[in-house]
Structures are given as structure tokens and as C-alpha cells.
Amino acid sequence: ISAGVGFFFAFVMLVLTSLQSKFSRFAPSSSEEFTVSNPALDPGLVCCGIVSAWTWSATLLQSSTVAYTLGVSGPWWYGAGGSIQVAMFGMVAAKVKMNANGAHTFLEIVKARFGTATHLLFTVYAFICILVVCGSLLLGGAATVNALTGMNTIAACFLLPIGIAVYVVFGGLRATFICDWTHTIILFIIIYIFLFRAFGTSPEIGSVPRMYELLVQAAVDTPVSGNENGSYLTLKSNQGLVFGAASLLSGFAGVFCDQGYWQRASNGHPSGTTKAYMLGGISWFAVPWAFGSCLGLSARALQTNPLFPTYPAPLSAEQTSAGLAAAAAASVLMGKGGAIALLLVVFMAVTSAASSELIAVSSIVIYRTYWRPQATGAEIVRVSHYFICIWAIWMGCWGTIVSCVPSESLCKFSPLTLMIGVVLSSAVIPIVLTVLWSKLTRAGVLCGSVIGACLGMLAWMIGSYSGTINITNLAEPYSAVCSGLTGVLTSGLITVFVSLMRPSKYDFAGTRAIALLDAPSGGMCETADIKGTVKDVHTLQGPIPKTANSVSDLEKLGPDLDTKSRVCISAEAVSELTPMIVPIPMFFSRYIFSERFFAFWVACSIVWVFLSGSFCIILPLWESRVEMTAIMSEGFMSLKNLVYSRSNK
């Protein structure tokens, strides 16, 4: 089934690619189309792609696990810890469109500004990020497939990426966007089904009051350590607060070091890039909040139900660590149908996020940079195809290695996900300042990222020390917070301090001169300076289509360059609303939800997830209505002409 679904999408992409090549100017044989999807996408599809790419299997499984373990605070903190960065990335995306519009990767920007040494350092960071993400995806996906179907975990680790690689090779980045939209439809439909089943029609729960009653009893039977009165219905959760901080730090590293987000910053309309990221962050928040609250709380509430898989015992520490709370709840709520629905939605999450990582890893291959500087676009596409296949096989090997880690060494809260913050947090501020700050120097970037990483690792070990340092202690969220916070703060301070000792006066001319892969020799991509004027413009052969990032599009960023400040204000508002205004006062007030407030909480999650589904499903259709109508019209006319010519024969 795993391989079959991948090959099904490959067939769909082959058909869509043929239609696209025949009836539009786009073709994945072009390196620009393959790597950045000929940057002209509307905000709705970019938003959908962001939500899909950021919805890992861990998003669904881990948010349910923390709800099962901590109660209502878990999925809220999971969502808050992952949505803020996406919204704030809009500010960086706006600057990328202005100062490096021809760039396909953040590594190209680093290379153009700071040279080889810094480029190689951040290439290592980029590969580490993709490696950790791929491991997390396969670990959660394979564990769920094994639990629900009995399929061998190692077989799942290899079959999942192989099927994905096939359709990525066929369609490039545009394939991931189209499949992202398809996956997102399935994701939201299944979330809606689980919500209505748990809170509406299930004989085991069936209503909000019944869920509340069961959770109150669960607090009596199995109280939560560190929660107010051991309740699952409170945001006063010490473990939840630590988990939220760890998620926030790992989320920053996971977004700003992941090439997939930089590609999406390159393939949207300049006027809509920031909107796409703001919508993406707001929309994604609903996924872990609604899904985790539904299945995670259901698993805890149904723990004493005879239908519960481990009845009369709760889930073991090993089962909880593997993210099986969601599987247990789904099987009780909907029987085999629930197991199939969960398997499908986790498979969609794995394939969507993994396809994003595959196309990302193919774009950071340094083939042209160091081996063949004169390589053509067609040659780069061919090498990208090879590398996607190689990485898909390596993903299977890496997933197998991770899955063989002894279960007693794994701790709650998916340590592999939190490892992103431990390893990569020191790179976040140097990467952001590379795009935003003209005074940044190469010495500042190197010193900040390297020294910050060393201090972060040291803090990781100190934070985990409780008589001994072992894998279990290192995997605790508290250790991840110590490491991530130290890495972010020290790297930022060192980067700024060293840069200010001998500040640069960089005008971003070098990054604006980054050429398109398919451009003629010396050809550069059009960019705009911060005053809205156009510099260093060398158009490609032939007229630039209106839908591309042409001069008129980019000039909108000049007079609108308070876009940056508007995005900052919007991102700050989201940042304060999500983690501060709601949970912090309720944490310090030690408030335990009443039945009416719990009903309000559930209603808010349902409304939010319905709005998110509307943004991700309906908005791309509306934005693409003209193009879809044209393609369908052309296809109909071609079919009509074909039938007419055959009838004449």
C-alpha cells in the first residue's frame, strides 16, 4: 500500500505534468521550474504548501501524545511552539524577494555574501536539519503503520520514501505543491471526521459534557504530576510550560534552517509572500491544537473503556513514546475505520513533508557550486533526480537506524523532534541577519554560529546532569530548553558583537546578482532595492510573462517597504496572542476549566480548524480559477478536435 500510494501520485503527476507542459509555459524539465516552480504562485497555494510541509507525522502523533500525557495544555503549546516562527518568517521572505530574488536556497545568499567557508558551514547545518526531519517523519510514520497494520517497521522505512521520490522526480517542486493541496484536503477532512465523532456521535464519548466528565475522573485515577490538582483540564502545567519552550526553540531552528521554507519564500508573488506565511502560521496552529485535543484527550478519557487496546492498563511508556495515543483513541472511536483514517492521515503527513524535504535536499546539492560551475539547467535537473533517488534510499537507512534505538533510551515528547533545537539553534540568528542586516560580517557569522553551537551543546549536557549523563536525560525537554536557549542567545550576542567591532556596509548587490539556473551566461534575476528602484536588470531571452516576478511586481515592495514593519507587527501580535495572552495568565491563575469553559475551548478549536481548512482548500482554487478554466478549455478543445479528426477519417 505504501509504495502503491506513492506510485499513484506519480501517475497523477505524470498526467498533470503532461497537461502543464502542453497547455502552459511551465515544464519540469526546466531547472527553475523543478527547483522553485517558476516563482509566481499565489498566497493560497503557498499557504497550503506551508501547512502541509509543516504537518509532520510528529505533528499529529506528538500533539496527541502531549494531550494524553499533560491534558489541554499540551496541544496548545505544541501549536504555539510551531506557528509563531512560520508567521515571523514572512518578514525574512519579504527581504528575500527584495534582495535575492534569483536565489533558490539560503545557501546561495550565504555564498554570495560571505564566501566558501561560511557556505560550507551552513550547508552542513542544512543537511543536518533535513536529516533530523526525515528521521522524525519516518520514525513516527513507520511506528503508526506497524501498530495499525502489523507491517514490518524496517520495510515501512524503505517503502515510504521510495514511492514519494517517484512523483517528486516526475514533477519537481510544483508536484509537491499540487500533492500538498491534495494531502491537505484529506488531512482536514479526517480531522473533521474525528472531531464530529468524538464530540458528536460516538457512543463512547459523544458530547463535550461526557468528555469533561471522563477527564475529571481520569485526573482522580491518574493525576498529572506538575498540573494543578493533577487535572487534565488546566493550563497550569509545569511540564507543559517546559515543553512549550522546547517546542518554540526547536521550531525556530526547524523553520529557519529548513531549505523547504526558503524555497517557498522564492516561489510566491512578491506582493503575496508575507501574506502566505502569515496565513500559513495561523492555519497550521489549528492542526495540532484540534487534532491533538480530539484524539489525545479521547485516549485519556477512554483509558478505562473495555474497548481500549491496553485495557485495563494505560499505554506503556514505550507505546506513549511511539505516539500511539492517537491510534488507541481512533480504534475505540471508529473501530477499523478509525485505524484506516489515522493511517491515511499519517501517511499523507509523511509523504507531503518528505516530498518537501526531497526537493529541498536536491536544491542544496553543491554540484554546480564546486564541481561544474558551467553546468546547464538540464544537467542540474538530471543531477537533482539522481540525488533525490539516493537520498530516498538513505532516508530508509536512516529511519532504520533511528528505529533500532533501544526503546528504554527514548523518552516522552519525541526527543528526535526536540533535537533540532539542540543542534541547530545557534544557526538561526546568523541566518536571519544574513538577509536582514547590512552590517553583518563573515567573522560575526562564523564566530556566532560555531561558538554558539559549542556553548549550546555544553548547556545541553549540564541541563541533563542529575548524577549522570545518559540518553534518557539528554532527551528530556528541560535539557533541550537549556541547549536551545543558550545556543540562540549566545550565537546572537556573539554575532552582533563581533560584527559591530568592524561593521560591514553591504548593499546586497551581490545577492541581487544571483543568476537563474536557466539564464544565459551573465543573466541575472530582476530584483528591487529598498527604495523600490530596479538595479542590475538583465532580462532573460524573450519577454518576461506577467505572472513571473517581473519589475512591476517587485516595485510593489519598494513603496510598500513598510511591508517589513507591518509583518513584524503582525507576527508580534500572533506571537503575543498565542503563547502569552491565553496560556500565561491562566497558568499563573491556576485555573481549572469548568464544563462551560471547556465547551468554549473545544468550540474555538473546531471553528479555527474549519477556517484553516477554508484558507488551505478553497483559497488556492479561487486564486487559480482563471488558469484552471483556461487549461480545461484548451483540453476540451484538443479532445474535441481529436474526436472530430478521427470521425472524418
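## A tour from a helix crossing to the cysteines

Start by selecting residues 208–221, which form helix 9, and residues 273–301, which form helix 12: their axes come within 8 Å and cross at roughly 60 degrees. The two helices are therefore oblique to each other. Keep in mind as you look around that this is a predicted model.

Now show the side chains where the two helices meet. On helix 9, pick Met 211, Leu 214, Leu 215 and Ala 218; on helix 12, pick Cys 294, Leu 297, Ser 298, Arg 300 and Ala 301. Colour this contact by class and you will find seven nonpolar residues, one polar and one charged.

Next, move on to the cysteines. How many disulfides does a search of the whole structure find? The search finds zero. Select Cys 129 and Cys 257 to see one case: the sulfur of Cys 129 has its closest cysteine sulfur in Cys 257, but at 5.7 Å that is too far for a bond, because a disulfide needs the sulfur atoms within 2.5 Å.

Is Cys 129 buried or exposed? Cys 129 is buried, with a relative accessible area of 0%. Then jump to Cys 482, which is also buried, at 19%.

Finally, zoom out to the whole chain. Cartoon view brings up 26 helices and two strands. Of the 649 residues, 58% are buried. If you draw the contacts with a separation of 6 or more, 81% of them join residues 24 or more positions apart.

Notes:
Residues are numbered from 1 along each chain as its sequence is written. This is a predicted model: local features need pLDDT of at least 70, side-chain atom pairs count only at pLDDT 80 or more; totals for chains, interfaces and linings use all residues. Side-chain values use heavy atoms; hydrogens and water are left out. Axes are lines fitted to C-alpha atoms, for helices over the stretch in contact, and angles run from 0 to 180 degrees between N-to-C directions. Helices (H or I, at least four residues) and strands (E, at least two) are DSSP runs, numbered from the N terminus. Angles under 35 degrees count as roughly parallel, over 145 as roughly antiparallel, 65 to 115 as roughly perpendicular and the rest as oblique. Contact means heavy atoms within 4.5 Å. Ala, Val, Leu, Ile, Met, Phe, Trp, Tyr, Cys and Pro count as nonpolar, Asp, Glu, Lys and Arg as charged, and the others, Gly among them, as polar. Buried means under 20% relative accessible area, exposed over 50%, partly exposed in between (1.4 Å probe, protein chains only).
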